[in-house]
Amino acid sequence: MSDLDLQPGLRECGGRADVSGRPVRELLNPREASLGATVVRRLLPNLGRRMVGAWCFVDHFGPDDIADEPGMQVPPHPHMGLQTVSWLHEGEVLHRDSVGSVQTLRPRQLGLMTSGRGIAHAEQSAVPHPRLLHGAQLWVALPEAYRHTTPAFEHHADLPVVTAPGLKATVVLGGLDGVVSPGTTYTPLVSADLALAEGANVRLPVEPDFEYAVLTMSGATEVDGVPLDPGSMLYLGSGRSELPLRALSDSGLLLLGGEPFEEKIIMWWNLIGRTQEEIAQGREAWTSGDRFGTVYGYDGSPLPAPALPVTPLKPRGRTH
């Protein structure tokens, strides 16, 4: 998915300096952004928190009634230095990319794109499409050793699950309680979709060396005693061996975690690099038609790159 901001700033993030070595409870307030006809709640990067492990971008959208609407319509756009994770609770999204992938993504199926040195893709609701659209789009920053790797796309329709009374946890990426997703990862991290039945009161095992956050997809829950409404995200720090979860109604949560990302990165638009020069080169490559390839089958023009900011943002690390 794209960041369609016409005036994106350069954001430097990463490093361990601003990661708490103990549990915290930090509520992140989203800001709304438009992706064509789709309005999303952007939770990362956030003024208070820019990364959770290697997770560096989180959008939550829906549930939206798109029966009489075009739904998601994101034209071809570039990515470099990251992985994208498409995750749906309702609806369908058609993915096309410049390595030739054409895949319809459905609820609780993993669409994982590794941009590496450069890839382009488009996402759109098909015609016809289901009435409702609800999901999340996430990015993972690639470490230095893998950020120039060959671009690729993976689709995993069947993912492993962890169960407990009142809980079904689908392991999206990484591992949870000894169960491992088939999706390719390049840093120690985890993402798990947590379906909780009303009245469930569980303690989820987690890794003390990971920092965590929880995104509420639906329902009313308490995470470590903090009440959460849909579309909110709670940053939890690290130093935990278990996470208390309580469902006040049938609920859906998305758990994100990982070892704090040591490297500092620069995010601008849909590109991740290490220097402003790399970002400028990536922008020029997209504008000139070099490096990122062509997305075939999309009926429309590629997304033009916004202008680079005149003055780069000051280096700030993981928090504001």
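F57 counts as buried because its relative accessibility is 1% (buried means under 20% relative accessible area, exposed over 50%, partly exposed in between, with a 1.4 Å probe and protein chains only). The model is predicted: local features need pLDDT of at least 70, side-chain atom pairs count only at pLDDT 80 or more, and totals for chains, interfaces and linings use all residues. Residues are numbered from 1 along each chain as its sequence is written, and side-chain values use heavy atoms, with hydrogens and water left out.

Five aromatic pairs are found in a search of the whole structure (rings of Phe, Tyr and Trp, the last by its six-membered ring, pair if their centres lie within 6.5 Å; planes under 30 degrees apart count as stacked, over 60 as edge-to-face and the rest as tilted). One of them is stacked: the ring centres of F57 and W139 are 4.0 Å apart, with the planes at 15°. Since F57 lies in strand β5 (residues 55–65) and W139 in strand β12 (residues 132–141), the pair ties together parts 82 residues apart in sequence (strands are DSSP runs of E, at least two residues, numbered from the N terminus). W139 is buried too, at 0% relative accessibility.

## W286 and F292

The rings of W286 and F292 form an edge-to-face pair, with centres 6.0 Å apart and planes at 80°. W286 counts as buried at 12% relative accessibility, and F292 is buried with a relative accessible area of 2%.

## A charge over a ring

The charged end of R49 sits over the ring of Y235, 3.9 Å from its centre (NZ of Lys or CZ of Arg within 6 Å of the ring centre and within 35 degrees of the ring normal).

Notes: Helix = DSSP H or I, 4+ residues; strand = E, 2+ residues; numbered from the N terminus.
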